[in-house]
Structure formats: C-alpha cells, structure tokens
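The sequence and structure come first.

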Amino acid sequence: MYGVDSFVHPDYRSKGVGGKLMEARFATAKRRNLRGMLAGSLPIDYHKVAGEMTIEQYVREVVAGKRFDTNLSKQLRKGFKVGPIIPDYADSWSSLDWGVTIVWDNPAYRPVKRVWPVLALPATQQPSAVYP
Amino acid sequence: MIVHKHYFRDRQSGDAHIAVIPSTLKYVDQMEKLHQTAYGYVGYVPSDDCDECMTAAKFRNHLRVFPDGQFIAVDRDANEVVGATVSMLVNFDSAKPVLEPWVKLTDFG
C-alpha cells in the first residue's frame, strides 16, 4: 500500500488526528494481509536549517532523535523506517522538494502459499468412468 | 465495510468529537476544499498546471479502485471533514524500497 496523501485542517493539527488516520490504514493492511506501507515523507522543517546542513545530515539527526520534524518525526513514532532520500519528490517549499522514503512492515503479514491444482492423479486414483 | 470501533475512542480528551471513518462519495467535495485549506492554496483555481492539487474527481477515482484505503476524520459537532487520507495498492520490496516522484507514482493524483 502506498500512502498517496494525508492531510488535516490547520485548526485541528496536533490533536492526533493524522495518527488516527494512519492507524486506520494500518488496520486495512492487516485485514487485507498486505505487506505493509510505502510512502514519501516530506521533512517539512528542513527549510529552517537547509543553509546549515545537507538533507542527509538532517534526516540522520531526525532519525537519531536529536532533531524534531513536525512531519517525519511523527511518522517514525508510528513505526515507519527510513529509506533512500529522493530529490524533486513533490512541490513543497518547506521540504525543498525532498522526499524521504518511509516503510512500515505489517507485523501480521503472512505470505500466501500458492496451492497448485493437482494436474494428474496417480494411476490408481484416476477416475474410471468412461466418457462419451 | 468494517468500521474499526476503537478508532472512535480518542487519544486525548480534547478531541472526543472527532471520528475517523471510511470515506465515501458524498464527502469528495468537502475533501477537495479541505486539501486546499490544508496545503494553503485556497482561492487558487485548480487547473491543468496544478499537478499536485487533489480534486473531487481524483478522490472519486481512488474510492472506486481501493475503497478500503480511504479514510476521513469528521468533526461530529461541526459536521465537517477535518482530515483525510488516500492510499493506493502497489507492490514494493520492503528491504529495498524505491520511491519515485509523487506525480509519477500516482499519475498526477
């Protein structure tokens, strides 16, 4: 499952609404036995320190907990892991268009065993009927 | 559709009137308006040059393809959509995730 978009009205932020929306997605992933979630996170506070450090360094510090990002830190708290950082992910002045790959593995995911249909029965079990 | 009851239980006492429910077609216009408010482009007329503006038509399409992945947060007192989330089914390798620009992954929404 890819997280296309998630947004909350400015007056309703910092109330855990976004987190609850994310949990609803997690529930769908568990119920549908999906591998997990892939999304692009916008590190929206990067623009404040973009003059001082590279995006790699910034993300490293957010992951280490030395720095708080209003978007990325909350997603990490929800159990997302960080993957590669890509430029020009989305038009966003606040993250300078950077996008951070984030992945959540569904702990309940069970790979489905493919059951092949029996093509040929042993000779002794072959139906004996004579077809017209 | 299964509505997960425990999402109605609220984390903080202050937001007891907010419910997360599966989104449906009747909310898509409100979602379009909310997207503009949330991303700060109210008044900007969505047009062809706005690749990343979410419109009612795009929300409708996601609802048709993957209804289980669409949710909204509703303020039950104000009877207003205050949050929304859109998801899409994709195949990916969790150990080596590859992310591409949003417009490419979603085909402009």
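## Chain A

Chain A has 3 helices and 4 strands, where helices (H or I, at least four residues) and strands (E, at least two) are DSSP runs numbered from the N terminus. Read from the N terminus, the order of elements in chain A is β-α-β-α-α-β-β. The model is predicted: local features need pLDDT of at least 70, side-chain atom pairs count only at pLDDT 80 or more, and totals for chains, interfaces and linings use all residues. Residues are numbered from 1 along each chain as its sequence is written, while chains are lettered from A and ligands numbered from 1 in the order in which they are written.

Of the 132 residues in chain A, 35% are buried. A residue is buried if 20 or more other C-beta atoms, placed from the backbone, lie within 10 Å of its own, exposed if 12 or fewer do, and partly exposed in between. Of the contacts in chain A between residues at least 6 apart in sequence, 63% join residues at least 24 apart; two residues are in contact if their C-beta atoms, placed from the backbone, lie within 7 Å.

## Contact between the chains

Chain A contributes 38 residues to the contact and chain B contributes 36 residues. On the side of chain A that touches chain B, S1 (2-8), H1 (17-31), S2 (36-41), S3 (81-86) and S4 (99-105) each supply at least two residues. H1(A) gives the largest share of that side, 9 residues.

A strand pairing also crosses between the chains: S1(A) and S3(B) (residues 80-88) run antiparallel and are joined by 6 bridges. Pairing here requires that DSSP finds at least two bridges between two strands. Ser6(A) has Thr85(B) as its bridge partner in S3(B).

## Strands of chain B

S2(B) is joined to S1(B) (residues 18-22) by 5 antiparallel bridges, with Ile21(B) opposite Ile72(B). Another 5 bridges join S2(B) to S3(B), also antiparallel, and Phe71(B) has Thr85(B) as its bridge partner there. Because 4 of its 5 residues are buried, S2(B) is largely enclosed by the rest of the structure.

The hairpin of S2(B) and S3(B) has 4 residues between the strands, and Asn79(B) in this hairpin takes a positive phi near 55°.

## Helix H1 of chain B

In H1(B) (residues 28-38), the buried residues are Val28(B), Met31(B), Glu32(B), Leu34(B), His35(B) and Ala38(B). Seen down the helix axis, they fall within an arc of 165°, so they line one face of H1(B); the arc is that of the directions from the axis to the C-beta atoms. These buried residues pack against S1 of chain A and against H2 (56-65), S2 (71-75) and S3 of chain B.
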